[in-house]
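Biologist: Please put the model up, and then we can go through strand pairing and ring contacts.

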Amino acid sequence: MMGIANRTGGYDEAIVAFLEPLTGACGAVIAAIQSDAQQAVVEAELRATVERLNAAERHAHLGSWEVDLATGGMIASDEALNIFGHPPGAPVTRKMFFNALLDEDREQDKATIESFLAGSLNEYTIEYRIRHREQIRRISAKVAIERDAHGTALRLRGTAQDVTDLRAVESDLRASQQRLDLVLDGTGVNLWDWNVVTGEFRFDPRMLERMGYRADEVECSTAAWDALVHHDDLPGMHAALADNLGGRIDLFQAIYRIRAKSGEWRWVLSRGRTVERGPDGSPRRMSGTHLDITDLKQIELALRRSDQRFRAL
């Protein structure tokens, strides 16, 4: 057009009028192509984002979902579908979710969910059991409730996470702790842990109870513990600690007296090791045990006095 309009001798209006619609059409085609290209880029970016989200959900065993309460329609991510035993892209409804619940739990779980929806909360957390491919799995769900201006629940959005293995580990840990507690109670051994850097000194409250103290009566620090130790026994205890912290001995061991709340002096055997050191070898953490050996000490002293009397004869 510019070439025709600027040619020598002027331009032919008839030719210009003929070409103008074609020029507009070409421009429209070019704009459409550009728009399609931009849309393709946006769609590619969206697909990449969705794939990253799906990968993250698969790794965390965490699925996302959304429910329209009016229609019962439900959309769910691939991992959410997998958690409930459905293939990727499978259609799913709220009714199908309820059907996945264990028979013995279903009515109670439904009543709990309906009570949340009828209330005023905008989010809730619930844990339930489902039957998944011939297995019973435990699912933890966090849910946000979308309500209208009158407070009526319209839509649910949430996540579902399979926590079966986590709950099994927690159960094993509780059982291990119970076994440890039984052993400690039966033997009178008490645990302690010392952060050498901060000075924080944590010890089993059962040790304090045996001494007549409440747990909140003695500060968790080495200074507070040292204040209970007989002054004649402190130098030897500190020397043994220093040898262990300095790496000269592997096992710290010290026998000393602790003042009970009644004023009585109780004999204690402490043992421990440095269990953590910094890059420069400096001690950071030490752990060990306390054992009340007062009865053994009394027997030892009685035998010593008996031996002295025998030798005096």
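Biologist: How many bridges join strand β9 to strand β10?
Modeller: This is a predicted model. Strand β9 covers residues 252-259 and strand β10 covers residues 265-277, and they run antiparallel. Within this pairing, Phe252 stands opposite Gly272 in β10. The number of bridges joining β9 to β10 is eight.

Biologist: Which residue in the hairpin of β9 and β10 takes a positive phi?
Modeller: The hairpin has five residues between its strands. A phi near 100° is found there, and the residue that takes it is Gly263.

Biologist: What is the geometry of the aromatic pair of Phe97 and Tyr128?
Modeller: A search of the whole structure finds nine aromatic pairs. In the pair of Phe97 and Tyr128, the rings lie 5.4 Å centre to centre, with 80° between the planes. Planes over 60 degrees apart count as edge-to-face, and the pair of Phe97 and Tyr128 is edge-to-face.

Biologist: How many residues apart in sequence are the parts that Phe97 and Tyr128 tie together?
Modeller: Phe97 lies in helix α4, residues 94-100, and Tyr128 lies in strand β4, residues 123-132. The pair therefore ties together parts whose separation in sequence is 31 residues.

Biologist: Is Tyr128 buried or exposed?
Modeller: The cut-off for buried is under 20% relative accessible area. Phe97, at 13%, counts as buried. Tyr128 has 5% relative accessibility, so Tyr128 counts as buried.

Biologist: Which elements hold Phe203 and Trp225?
Modeller: Phe203 and Trp225 form a tilted aromatic pair, 5.1 Å centre to centre with 45° between the planes. Because the two residues lie in separate elements, the pair ties together parts that are 22 residues apart in sequence. Both Phe203 and Trp225 are buried. The elements are strand β8 (residues 201-203) for Phe203 and helix α8 (residues 222-228) for Trp225.

Biologist: Which residues do ring pairs link into a cluster with Phe203 and Trp225?
Modeller: Phe252, which stands opposite Gly272 in β10, is one of them. Besides Phe203 and Trp225, the cluster holds Trp192, Phe201 and Phe252.

Biologist: Which residue lies over the face of Trp267?
Modeller: A lysine also lies over Phe98: Lys110, at 5.3 Å from the ring centre. For Trp267, the distance to the ring centre is 4.6 Å, and the residue is Lys297.

How values were computed
Residues numbered from 1 in each chain as written. Predicted model: local features only at pLDDT ≥ 70, side-chain atom pairs only at ≥ 80, totals over all residues. Heavy atoms only, no water. Pairing = 2+ DSSP bridges. Helix = DSSP H or I, 4+ residues; strand = E, 2+ residues; numbered from the N terminus. Phe/Tyr/Trp six-rings, centres within 6.5 Å; stacked < 30°, edge-to-face > 60°. Buried < 20%, exposed > 50% of the residue type's maximum accessible area, 1.4 Å probe, protein only. Lys NZ or Arg CZ within 6 Å of the ring centre and 35° of its normal.
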